[in-house]
Amino acid sequence: MLILHGGLGQIEMFEPVMPILTKNRQVIGVDLQGHGRTSLGDSKFSLNSMGEDMAGILKQLGYKQVDVFGYSMGGMVAFRLAAQHPDVVRKLVLVSTPYAREGFYPEMLPMQAAVGAAMADQMKETPMYKSYMKVAPNPNDFPKLLDRMGELMRTPFNWGDDVKKLQMPVMLMYGDADMFKLDHIVSFYNLLGGGLKDAGWMRENMSKNRLAILPGLTHYEMFLSSRTATTAISFLNGESDVVSWSKQMDSKK
């Protein structure tokens with residue numbers, strides 16, 4: 001399973017839930033461009049290019065197909081990997097991930113637009129800065145990283161057409177206090193073919209895709225929650241704790 005962290009983070013973001021993710025799976029953790037142990041480089045941040053990077057890493061490691069779990073910016077990179085290399089992704093879990101810039105609450109957009117090097121000093125007490133300083137190959141690049149992230153977040157995008165083309169099973173997961181509008185979340189699920197009609201008595205109309213909205217979680221807590229990890233693993237393993245009423249009755253004959 002390939003797991004991808006959020007913006008201004010690194011793979012250690014998942015440390016609290018890593019025992020759940022690794023219990024029965026080999027986990028491939030990647031620090032995205034300019035994050036963690038990966039150098040910033042000279043090129044602009046491009047989610048499409050990062051998706052290509054992930055495909056290249058998997059090929060180099062010898063994996064033909066993997067499950068992919070991505071959070072926030074990592075979810076966006078996971079989406080691009082799935083859209084650009086669908087044969088590589090068996091199942092896809094997108095945690096707190098939009099498909100269009102318009103999905104964010106309106107007040108988030110000017111905050112994102114303001115991200116840049118000028119914020120570096122005021123971020124020195126944040127976990128983003130402290131964790132970066134621990135592992136970055138060039139710690140002095142932090143202001144440049146903020147500039148690249150701000151530029152990326154100011155770039156409009158809408159992947160609605162690509163959403164409709166995804167053929168692998170997809171789980172969307174959000175907190176009920178996430179940074180995305182609920183109508184955007186539902187629209188994402190609808191574009192995947194989910195939530196369009198009743199599943200039926202025998203689940204005959206059940207979508208292969210799933211939507212989970214976890215109570216009491218913000219965007220900044222989703223990657224820390226054991227509920228996120230266990231929900232994702234159940235989906236990837238094709239598990240369910242529910243036995244249909246029909247099967248219950250049949251078992252009593």
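These legends walk through several close-up views of one predicted model.

The model is predicted, so local features are described only where pLDDT is at least 70 and side-chain atom pairs only at pLDDT 80 or more, while totals for chains, interfaces and linings use all residues. Residues are numbered from 1 along each chain as its sequence is written, and side-chain values use heavy atoms, with hydrogens and water left out.

**View 1. An open sheet has 6 strands in the order 2-1-3-4-5-6.**
Let us start with the sheet. Its pairing is parallel; two strands count as paired if DSSP finds at least two bridges between them. Strands (E, at least two residues) and helices (H or I, at least four) are DSSP runs, numbered from the N terminus. At the edges are strand 2 (28–30) and strand 6 (210–218), each of which pairs on one side only. On average, neighbouring strands of this sheet are turned by 15 degrees against each other, direction ignored. The angles come from axes, which are lines fitted to C-alpha atoms (for helices over the stretch in contact), and they run from 0 to 180 degrees between N-to-C directions.

**View 2. Strand 3 (residues 66–71) is mostly covered.**
Have a look at this strand residue by residue: 6 of its 6 residues are buried. Buried means under 20% relative accessible area, exposed means over 50%, and partly exposed is in between (1.4 Å probe, protein chains only). Val66, Val68 and Gly70 point one way, while Asp67, Phe69 and Tyr71 point the other way. With strand 1 (residues 2–4), strand 3 pairs in the parallel sense over 3 bridges. Here Leu2 has Val68 as its bridge partner, and Leu4 stands opposite Gly70.

**View 3. Strand 4 (residues 89–95) runs parallel to strand 3.**
The two strands are joined by 5 bridges. Val66 has Val89 as its bridge partner, and Tyr71 stands opposite Val95. Strand 4 also runs parallel to strand 5 (residues 170–177), to which 4 bridges join it. Within that pairing, Val93 has Met171 as its bridge partner. Strand 4 is largely enclosed by the rest of the structure, because 6 of its 7 residues are buried.

**View 4. Strand 3, helix 3 and strand 4 form a right-handed β-α-β unit.**
To check the hand yourself, picture the strands pointing away from you: the crossover is right-handed if the path from the first strand over the helix to the second runs clockwise. Ser72 lies in the loop between strand 3 and helix 3. Its phi is near 55 degrees, a positive value in a residue other than glycine. Most residues other than glycine have a negative phi. Ser72 counts as buried, at 15% relative accessibility.

**View 5. Helix 2 (residues 47–61) crosses helix 3 (residues 73–84) at roughly 70 degrees.**
The axes of the two helices come within 8 Å. The contact (heavy atoms within 4.5 Å) is made by Leu47, Asn48, Met50, Gly51, Glu52, Met54, Ala55 and Leu58 of helix 2, together with Met73, Met76, Val77, Arg80, Leu81 and Gln84 of helix 3. These residues divide into 9 nonpolar, 3 polar and 2 charged. Ala, Val, Leu, Ile, Met, Phe, Trp, Tyr, Cys and Pro count as nonpolar, Asp, Glu, Lys and Arg as charged, and the others, Gly among them, as polar.

**View 6. Ile57 is found in helix 2.**
This residue is partly exposed, with a relative accessible area of 29%. Ile57 and Leu214 are 157 residues apart in sequence and 32 Å apart in space, C-alpha to C-alpha.

**View 7. Leu8 lies in the loop between strand 1 and helix 1 (18–22).**
Leu8 has a positive phi of about 65 degrees, although it is not a glycine. Leu8 is buried, with a relative accessible area of 15%.

**View 8. Pro139 sits in the loop between helix 5 (127–135) and helix 6 (142–153).**
With a relative accessible area of 30%, Pro139 is partly exposed. Leaving aside its neighbours within four places in sequence, Pro139 is in contact with Tyr132 and Met133. The C-alpha atoms of Pro139 and Tyr129 are separated by 9.4 Å, and the two residues are 10 residues apart along the chain.
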